[in-house]
Amino acid sequence: MSFRIEKKIYIKKEQLIEFKSFLFQKNIREIYKPREVESIYFDNCFNQIYFDSIEGLCPRKKIRIRNYPGKKNKEYFLEYKISSVEGRYKKKKEIALDVFNHHLKFGIFDTKYGVCKPNLIVKYNREYLKKEDVRITIDTDINYKLYNNNIQKKDSDTIIELKTTINKNLDDLLKDYPLQEIRFSKYCNGMGLFKS
């Protein structure tokens with residue numbers, strides 16, 4: 001397992017062109033074509049994963065199944081994002097369609113949280129960039145939907161994630177651009193919008 005350093009940046013939609021221009025001046029380049037991402041988040045009947053994340057408790061985790069709706073051949077990935085006292089890491093494995101459907105129907109059993117059922121669907125468009133060890137994703141057009149409800153909420157702003165294993169590379173990048181670092185979770189943000 002390798003621990004990751006993550007920083008999340010919030011910018012207004014109108015700042016995006018300026019920010020991309022800054023990135024390309026730094027020789028940061030696209031590594032994949034942009035694509036739509038869909039994540040289905042799971043939680044227990046008490047929404048304990050949500051509340052643990054809001055409180056910043058450690059250890060904690062998020063459980064989701066991710067897929068890419070635009071792909072011809074559907075792939076489903078079961079992912080655990082784990083925050084421990086030692087750091088953050090992600091466990092990911094591809095699952096078959098029948099396993100995906102089983103989890104949607106019966107949930108996922110977790111040793112900490114018990115049976116977790118699908119709770120929130122998050123869809124967004126993602127761009128993928130990289131320089132050396134720093135990977136940068138830019139998420140726009142973020143849409144939230146409760147799993148058993150047709151009501152949707154939108155986020156008009158942009159979330160940028162910077163991920164690396166070497167903190168120096170992030171520091172060198174961030175010192176040249178005045179960015180507002182935030183603590184942000186799409187799952188918590190979406191749930192919060194429906195609770196407000």
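Which side chain meets that of Lys 12 in a salt bridge? The partner is Asp 157, with 3.9 Å from N to O; a salt bridge here is a side-chain nitrogen of Lys or Arg within 4 Å of a carboxyl oxygen of Asp or Glu. Keep in mind that this is a predicted model, where local features need pLDDT of at least 70 and side-chain atom pairs count only at pLDDT 80 or more, while totals for chains, interfaces and linings use all residues. Residues are numbered from 1 along each chain as its sequence is written, and side-chain values use heavy atoms, leaving out hydrogens and water.

- Let's start with strand E1, which covers residues 5–11; strands (E, at least two residues) and helices (H or I, at least four) are DSSP runs, numbered from the N terminus.
- In E1, 5 of the 7 residues are buried, so the strand is largely enclosed by the rest of the structure. Buried means under 20% relative accessible area, exposed means over 50%, and partly exposed lies in between (1.4 Å probe, protein chains only).
- E1 pairs with strand E10 (residues 158–164) in the antiparallel sense, over 7 bridges; two strands pair if DSSP finds at least two bridges between them.
- E1 also pairs with strand E11 (residues 181–182), again in the antiparallel sense, over 2 bridges.
- Lys 8 is a handy residue to look up: its bridge partner in E10 is Glu 161, and its bridge partner in E11 is Ile 182.
- As background, side chains in a regular strand alternate between the two faces of the sheet.

**Salt bridges**

- The count of salt bridges comes to 15.
- The opening pair, Lys 12 and Asp 157, meets in one of these salt bridges. This pair links distant parts of the chain, 145 residues apart: Lys 12 is in the loop between E1 and helix H1 (16–25), and Asp 157 is in the loop between strand E9 (152–155) and E10.
- Lys 12 is partly exposed, at a relative accessible area of 37%, whereas Asp 157 is buried, at 11%.
- Glu 161 and Lys 186 also join their side chains in a salt bridge, at 3.3 Å from N to O. Glu 161 lies in strand E10 and Lys 186 in helix H5 (residues 186–195), so the pair ties together parts that are 25 residues apart in sequence.
- Both ends of that pair are covered: Glu 161 is buried, with a relative accessible area of 5%, and Lys 186 is buried at 7%.
- A network of salt bridges links Arg 126, Asp 139, Glu 161, Lys 163 and Lys 186.
- Glu 75 and Lys 71 form another salt bridge, their closest N and O atoms being 2.7 Å apart. Glu 75 is partly exposed at 23% relative accessibility, and Lys 71 is partly exposed at 35%.

- Arg 35, Lys 92, Lys 130 and Arg 135 form a positive surface patch. Patch residues have over 30% relative accessible area and no salt bridge, and like charges are joined within 9 Å.
- Lys and Arg count as positive here, while His and the chain ends are not counted. The place of a charge is NZ for Lys and CZ for Arg.
- Lys 130 sits in strand E7 (residues 114–131) and counts as partly exposed, at 36% relative accessibility.

**A look at Ser 53**

- Ser 53 belongs to helix H2 (residues 48–55) and counts as buried, at 5% relative accessibility.
- Ser 53 and Lys 90 are 37 residues apart along the chain, and their C-alpha atoms are separated by 15 Å.

Terms used:
Patches are made of residues with over 30% relative accessible area and no salt bridge: like charges are joined within 9 Å, nonpolar side chains (Val, Leu, Ile, Met, Phe, Trp, Tyr) within 5 Å. Accessible areas come from the Shrake-Rupley method with a 1.4 Å probe; for residues, only the protein chains shown count as cover.
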